[in-house]
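The sequence and structure are shown first, and the findings follow.

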Amino acid sequence: YWLGLADEMAPSPADCFWLADRLADDASRHVLAEAIGLRRRYGPDWLRSPDVKGQYIPAGVPVPRNEIRFVDGGAFDGDTIAQMVASGCTFAAIAAFEPDSKNYLALCQRISDLALPSDITLWPCGLDETARQLAFRAEGLASSGFVADGESLLQTVSLDQAMPNARPTYVKLDIEGAESAALRGMVGLLREARPAVAVCVYHIPSDLWRIPRIIDQLLPRASLYMRS
């Protein structure tokens, strides 16, 4: 963050007031204030309420927990699915997307080790606005991602193209800055299925306020929550 320009780090007053008003609970507004404080003061002590164990099933947020039809965008090695299983969540179906070949093999192994439903598809590609090939930095880490100087080309797809008849109940997007593009590639799915959606808003600084705007346009009656 310290490499960025100040006006890219935090929302304008108009965006800040809009987002604070649009968020569904006081806990969300506290997290927003902490995020802005971190960006303005560059001090990690501003992050006062992180919840690592409840990352995708946070307390106070009405996400599905039983018989979930789950889309895992940025599945890494299956860690999110394993954490949700350990927390007592059950799945009716899973579609997991992971473009890093090392991570994908680890994902396949972990999924085979878990007691999960038979309706599982594992995709060795990334999520995007459309199907295309992009330069990719494969690190075998959670930070692997699409970058201009990546050493390999990997395939991306949009959810609307890849799963046109899908009706998920929960979609997760943790895809290293490609979240906005992936949302634009699942407009039909969002409007037809209206799933719960967990989207990371920290990979690109302006995602903190721009992604909520995108979701508000696609799902204008949705309740928005923010957690750290």
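## Aromatic pairs

Three aromatic pairs are counted in this structure, where rings of Phe, Tyr and Trp (its six-membered ring) pair if their centres lie within 6.5 Å, and planes under 30 degrees apart count as stacked, over 60 as edge-to-face and the rest as tilted. The pair of Phe 97 and Trp 123 is stacked, because the ring centres are 5.1 Å apart and the planes stand at 15°. Strands (E, at least two residues) and helices (H or I, at least four) are DSSP runs, numbered from the N terminus.

The model is a predicted one: local features need pLDDT of at least 70 and side-chain atom pairs count only at pLDDT 80 or more, whereas totals for chains, interfaces and linings use all residues. Residues are numbered from 1 along each chain as its sequence is written, and side-chain values use heavy atoms, with hydrogens and water left out.

Elsewhere, one aromatic cluster is formed by Phe 70, Phe 91 and Tyr 170.

## Charges over rings

Two arginines are placed over tryptophan rings, a charge being counted as over a ring if NZ of Lys or CZ of Arg is within 6 Å of the ring centre and within 35 degrees of the ring normal. Arg 48 has its charged end over the ring of Trp 46, 4.7 Å from the centre. Arg 213 lies over the face of Trp 18, with a distance of 4.0 Å to the ring centre.

## Salt bridges

The count of salt bridges is nine, each being a side-chain nitrogen of Lys or Arg within 4 Å of a carboxyl oxygen of Asp or Glu. One of them connects Asp 72 with Lys 172, at 2.8 Å from N to O. Asp 72 belongs to strand β1 (residues 68-73) and Lys 172 to strand β8 (residues 170-173), so that the bridge links distant parts of the chain, 100 residues apart. Both ends are buried: Asp 72 has 0% relative accessibility and Lys 172 has 1%.

Another bridge joins Arg 184 and Glu 129, whose closest N and O atoms are 3.2 Å apart. Here, too, distant parts of the chain are linked: Arg 184 is in helix α7 (residues 179-184) and Glu 129 in the loop between β4 (126-127) and β5 (132-137), 55 residues apart. Arg 184 is partly exposed at 42%, and Glu 129 is partly exposed at 39%.

Arg 29 is partly exposed, with a relative accessible area of 28%, and Asp 26 is exposed, with 52%.

Gly 185 lies in the loop between α7 and α8 (187-193) and is buried, at 3% relative accessibility. Its C-alpha is 8.0 Å from that of Leu 127, although the two residues are 58 apart in sequence.

## Pocket and cavity

Rolling a probe the size of a water molecule over the atoms shows where empty space is left. On a 1 Å grid over the protein atoms alone, a cavity is a set of points where a 1.4 Å probe fits but cannot get out, and a pocket is an open set with protein on both sides within 12 Å along at least five of seven lines; lining residues have an atom within 4 Å of a point. Grid points are joined across faces, edges and corners, and a volume is the space filled by probe spheres set on the points.

The largest pocket holds about 1400 Å³ of space. It is lined by 43 residues, of which Val 199, Val 201, Tyr 225, Met 226 and Arg 227 are the closest to its centre. Two or more lining residues come from each of α3 (26-41), β9 (196-199) and α9 (207-218), and α3 gives the largest share, five residues. The lining comprises 34 nonpolar, five polar and four charged residues, with Ala, Val, Leu, Ile, Met, Phe, Trp, Tyr, Cys and Pro counted as nonpolar, Asp, Glu, Lys and Arg as charged, and the others, Gly among them, as polar.

There is one cavity of 30 Å³ or more, and the volume of the largest cavity is about 40 Å³. Its lining includes Lys 53, Tyr 56, Thr 80 and Ser 87. By class, three nonpolar, five polar and one charged residues line the largest cavity.

Notes
Buried means under 20% relative accessible area, exposed over 50%, partly exposed in between (1.4 Å probe, protein chains only).
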